[in-house]
Amino acid sequence: MTDPTTERSPKARFDSLSGSVDERLYSQMTLIRQFEERLLQLFEGGELFGTTHCCIGQEADAVGILNHLDERDIVFSNHRCHGHFLVYGDRPELLMAEMMGKAGGLVGGRGGSQHICYHGFHSNGVQGGIVPNAVGMAMAEKLKGTGGMAVVFLGDGTLGQGVVYEALNLASLWSAPVLFVIEDNQWAQSTPVEKELAGDMVARGRAFGIRSGEITSTDASEIYAHFADIVASVRETGRPRFEVVHTYRLCHHSKSDDKRPREQVEARRVGDPVPLLARRLDPSVVARLDAEAGRRVTEAEEHARSLPFPDPSTLEDSLVSAR
Ligand SMILES: Cc1ncc(C[n+]2csc(CCOP(=O)(O)OP(=O)(O)O)c2C)c(N)n1
Ligand SMILES: [Mg+2]
């Protein structure tokens, strides 16, 4: 059951978990990892529709950043959103039902993971398309005086979208409390970053007068500590920040479209954030947290299976224009 006091606040939920910071971060990462591994199996078995983009290898970003947000804040995610959503919403059963196209999914089984709307969480698969929305919503929170801020995730390849620069310009000009997080996994589908992007990533934020920085890490605790001050400064100053996280994707871009050199991927397994954190924990704790997460994923799958598909006669209820 969901707890209404923590439903919209990743921070309150994280603070209410028991165990050390490492243990709590691990519990969330093992949930994301097992959830996505199950998704990939279900796809292979022909039980999921559309497509899916897993964040295997990048889980440390979601847990390291979003656990600093509270119920006032808004998250804008992209095609690679499962980890972001599971930290924000902690509702694997709703995401699983959505991925299976079931009524009772996050958006009635009609949107899939690239059209999530859940409290303050939004995802969209059009690269860069949601970045201006993040600036606008951050500005709205500022004008309403709620103290809320927005976080928007984009990939290295999405720095090739012109609208991102319009959004950076207005965020700085208007002082919008928005944190731009660039998850630089060094590939845009099958194009390596050196063939997709000229110049320096961090300099892009600085060019607009936005305080900008970077971290190279897949260590969830390190990322969690790094972003504590960054999130606090967006909230306190009401100004944007631009932060690049250099990471690596250990799975396919979506389901089976990986053109990267095998040796490169294998060499990067040493930075896999899940075992990296597990090595610092007591093995019995890791076993318990893995088992708990596995149980939740199985329950999510069983719940989703038990639901019906949406009734075609209710299609119009899902249209924004019908509201
Ligand atoms: C406007 C637009 N163009 C193309 C695509 C197809 N597409 C989906 S993800 C992707 C690569 C994105 O790369 P990056 O921004 O680095 O994110 P990553 O997939 O690495 O997380 C592309 C080309 C899209 N979704 N939207
Ligand atoms: Mg990328």
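The lining of the second largest cavity in this predicted model comprises two nonpolar, three polar and three charged residues. These are Cys-55, Gln-58, Asp-61, Ala-62, Arg-80, Gly-83, His-84 and Glu-183, and the elements that contribute two or more residues to this lining are helix H3 (59–66) and helix H4 (82–89).

A search of the whole structure identifies two cavities of 30 Å³ or more, and the largest cavity holds about 70 Å³ of space. Its lining is made up of 13 residues, among which Asn-78, Val-126, Gln-127, Gly-128 and Phe-153 lie nearest the centre of the cavity. In contrast to the lining of the second largest cavity, which includes three charged residues, that of the largest cavity has no charged residues, being divided into five nonpolar and eight polar ones.

With regard to nonpolar packing, the largest nonpolar core contains 60 residues, of which Ile-65, Leu-179 and Phe-227 touch the most other members. The greatest contribution to this core comes from helix H2 (residues 21–44), which supplies nine residues. When residues up to four places away in sequence are not counted, Ile-65 is in contact with Val-151, Phe-153, Leu-179, Val-181, Ile-223, Phe-227 and Val-245. Another core, lying apart from the largest one, consists of 27 residues, including Ile-130, Val-131, Ala-134 and Ile-210.

Methods: Residues are numbered from 1 along each chain as its sequence is written. Chains are lettered from A and ligands numbered from 1 in the order in which they are written. This is a predicted model: local features need pLDDT of at least 70, side-chain atom pairs count only at pLDDT 80 or more; totals for chains, interfaces and linings use all residues. Side-chain values use heavy atoms; hydrogens and water are left out. A nonpolar core is a set of buried Ala, Val, Leu, Ile, Met, Phe, Trp, Tyr and Cys residues joined through side-chain atoms within 4.5 Å. Buried means under 20% relative accessible area, exposed over 50%, partly exposed in between (1.4 Å probe, protein chains only). Helices (H or I, at least four residues) and strands (E, at least two) are DSSP runs, numbered from the N terminus. Contact means heavy atoms within 4.5 Å. On a 1 Å grid over the protein atoms alone, a cavity is a set of points where a 1.4 Å probe fits but cannot get out, and a pocket is an open set with protein on both sides within 12 Å along at least five of seven lines; lining residues have an atom within 4 Å of a point. Grid points are joined across faces, edges and corners, and a volume is the space filled by probe spheres set on the points. Ala, Val, Leu, Ile, Met, Phe, Trp, Tyr, Cys and Pro count as nonpolar, Asp, Glu, Lys and Arg as charged, and the others, Gly among them, as polar.
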